[in-house]
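This briefing is meant for someone meeting the structure for the first time.

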Amino acid sequence: MSRETENTLLLLVGLSTAIIAATGSFMRYVKPTLLPWLWITAVVLIVLALAAIIGDIRRGPRRHADHVHRTGIGWLLIIPIALLAFVVPPALSPQSARPAAVDTVASAPRRPFPPLPDDAAPELSLPALLTRIAQDSAQTLRDREITVTGFTMGDGERIYLGRIVILCCAADAQLARARLTGPAARVAAELPDGSWVRVRGEVKDLSQHAAVPELSIDDVESIAQPENTYAF
């Protein structure tokens, strides 16, 4: 591969990284807190590429006859780089994520969590719900209604609320879920799998023995799929 090809590819990688950071599509790959590092990486790659290109121009053309027949192969690397910048992959499906049960977070030391807001049914993410069930020694969920958002997952006669959780990047995605019971569970079960809903209910059993916790719900509201379907 010639230096011209190497420099061009390095510049394209930096520009592609900047594009996915600017458009927000980077959240299909990594969590939002890594955005500053993506920008730093993009800037460093672009600066290095431009410095190399300018340096080669100042030194003048150089001949590398033994590399001529291999130059074309290197340009094929532009294809995956262009796909990274301009093609946004679909969100991961529940089948492609590893199950994340309560016992996966129960190994952390139990401690008292801060109380929930005083609202009638405060919003709580599904990962935060599972974490409180497994680790909250103060049991702040006891006798409290909460509101949780996710997609429906049917399994025989059972219906679950699910959410794909990214710990660092898409490669370590896990499936968080809670079984829906109670008066409104039938309504959720009648919806097609993958329907996005906002449910209101209460965790009746705060013990850590169940692999998947149960959320007794009394209200289900169908909502549009969020722009970012992952939880972090």
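## Salt bridges, helix packing and a surface patch

In this predicted model, the side chains of arginine 59 and aspartate 56 meet in a salt bridge, with a distance of 2.5 Å from N to O. Side chains of opposite charge can pair when their charged atoms come close.

**Salt bridges**
- Arginine 59 and aspartate 56 both belong to helix α2, and because they are 3 residues apart there, about one helical turn separates them.
- The structure as a whole holds 6 salt bridges, and the pair of arginine 59 and aspartate 56 is one of these.

**Packing of α1 with α2**
- Helix α1, which covers residues 3-23, packs with helix α2, which covers residues 35-59, at an angle of about 155°, and their axes lie 8 Å apart.
- Angles over 145 degrees count as roughly antiparallel, and α1 and α2 are therefore roughly antiparallel to each other.
- The crossing that α1 and α2 make is left-handed, and the residues of their contact divide into 18 nonpolar, 3 polar and 3 charged.

**Packing of α1 with α4**
- Helix α4, made up of residues 78-86, packs with α1 at an angle of about 15°, with the two axes 8 Å apart.
- Angles under 35 degrees count as roughly parallel, and α1 and α4 are therefore roughly parallel to each other.
- Where α1 passes α4, the crossing is left-handed.

**Surface**
- A nonpolar patch on the surface is formed by Trp37, Ile40, Val44 and Leu48, which together have about 420 Å² of accessible area.
- Leucine 48, one of the residues of this patch, has its place in helix α2.

Notes
Residues numbered from 1 in each chain as written. Predicted model: local features only at pLDDT ≥ 70, side-chain atom pairs only at ≥ 80, totals over all residues. Heavy atoms only, no water. Axes fitted to C-alpha atoms, helices over the stretch in contact; angles between N-to-C directions. Helix = DSSP H or I, 4+ residues; strand = E, 2+ residues; numbered from the N terminus. Parallel < 35°, antiparallel > 145°, perpendicular 65-115°, else oblique. Left-handed = near helix turned anticlockwise from the far one by under 90°. Nonpolar A, V, L, I, M, F, W, Y, C, P; charged D, E, K, R; others polar. Patch = residues over 30% accessible without salt bridge, like charges linked within 9 Å, V, L, I, M, F, W, Y side chains within 5 Å. Areas by Shrake-Rupley, 256 points an atom, 1.4 Å probe, with all protein chains shown as cover. Salt bridge = Lys/Arg side-chain N within 4 Å of Asp/Glu carboxyl O.
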